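Please examine the sequence and the structure below.

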Amino acid sequence: MARRRGRPMAPILTPNHGAGLLAQELRRARSRRDLSRPELAHKIGRSLATVQRAEAGRIRPPWPVIRDIASVCGLDLDTAEDLWRKAGRPGRTRRTEAPLLSLVRTPGDLAAVLRRVWEDNGAPSLRTMEARAEGLARTYAPLSRMSAWRIRERKQTLSSLNQLYAYLTACDVAEEDFPAWAQAWRRAGHHEERSPRLTAQADGPRRTAASFERAAALMRQAGLLPCEPFPGRHVPWAARCRSCGKLSRYKFSQVLEGTVCPVCHHPHAVMYAEPEESC
């Protein structure tokens, strides 16, 4: 008996040009691999809604999503990128002019790319943005509709790195891309403000370059590859699981005690750490 492949998607309104042409090719590539949409979402580590939006043909999906789908479905990356660049957004003839993320140097540059990433990721409503950010509010920061609107309309600068991450989450940007955004944020002249407790911890005599290296070494010993500078013992730290390759956030204090990957449930624990060298 053939597997049930789920409810059929609605037909693409513009299958021969723009975002519709890209969506048509994505559907064909997934079909050739005999994957359902939930299976594809699992393989690329994203939500089912993300795959559905990419295959709907109404908006141009973000490039990281297209890149991951192409890799899993065996679609030539050059072809995928060409289709992605040609994909437009129906009803909108001009998007915000913004530099590449790697070329951001000023607050104005950063404001422009923040507006552009909202457009490229489907221009989600403020209600949707607030709901997406709420799911990770304890990890990053809350993002109200008013704050999302003011950042999107370039009427407010980002108050912290965590607010940047909350905004990117609201725009459905992959977490693995956050380090590049953090670098752009710093190049634009922003500096992360820490609470008095974290400031004391960060500026204390034990918080030296050696302690940073020690923390990173212990993370690697536990089977995790850090993807950003050491943020502090009790602050979520972006790291990639060596077992499944997925990016997640771990508190260093929990890794010292023993934790598991939230994706593949592989255990991560430091086998040995001398007390006098603990971070």
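Predicted model: local features only at pLDDT ≥ 70, side-chain atom pairs only at ≥ 80, totals over all residues.

Among the elements that cover the buried residues of helix H3 are helix H1 (18–32), helix H2 (37–44) and helix H4 (63–73). Helices here are DSSP runs of H or I with at least four residues, numbered from the N terminus. Within H3, which spans residues 48–56, the buried positions are Thr 50, Val 51, Ala 54, Glu 55 and Ala 56; buried means under 20% relative accessible area, with a 1.4 Å probe and protein chains only.

Residues are numbered from 1 along each chain as its sequence is written, and side-chain values use heavy atoms, with hydrogens and water left out.

A further pairing involves helix H7 (residues 126–134) and helix H9 (residues 161–170), whose axes come within 7 Å and cross at roughly 120°. Such axes are lines fitted to C-alpha atoms over the stretch in contact, with angles from 0 to 180 degrees between N-to-C directions. From H7, Met 129, Arg 132 and Ala 133 meet Ala 166, Tyr 167, Thr 169 and Ala 170 of H9, contact being heavy atoms within 4.5 Å.

Leu 114 belongs to helix H6 (residues 107–120). Because its relative accessibility is 3%, Leu 114 counts as buried. Apart from neighbours within four places in sequence, Leu 114 is in contact with Ile 151, Leu 158, Leu 164, Tyr 167 and Trp 181.

How values were computed. Buried < 20%, exposed > 50% of the residue type's maximum accessible area, 1.4 Å probe, protein only. Helix = DSSP H or I, 4+ residues; strand = E, 2+ residues; numbered from the N terminus.
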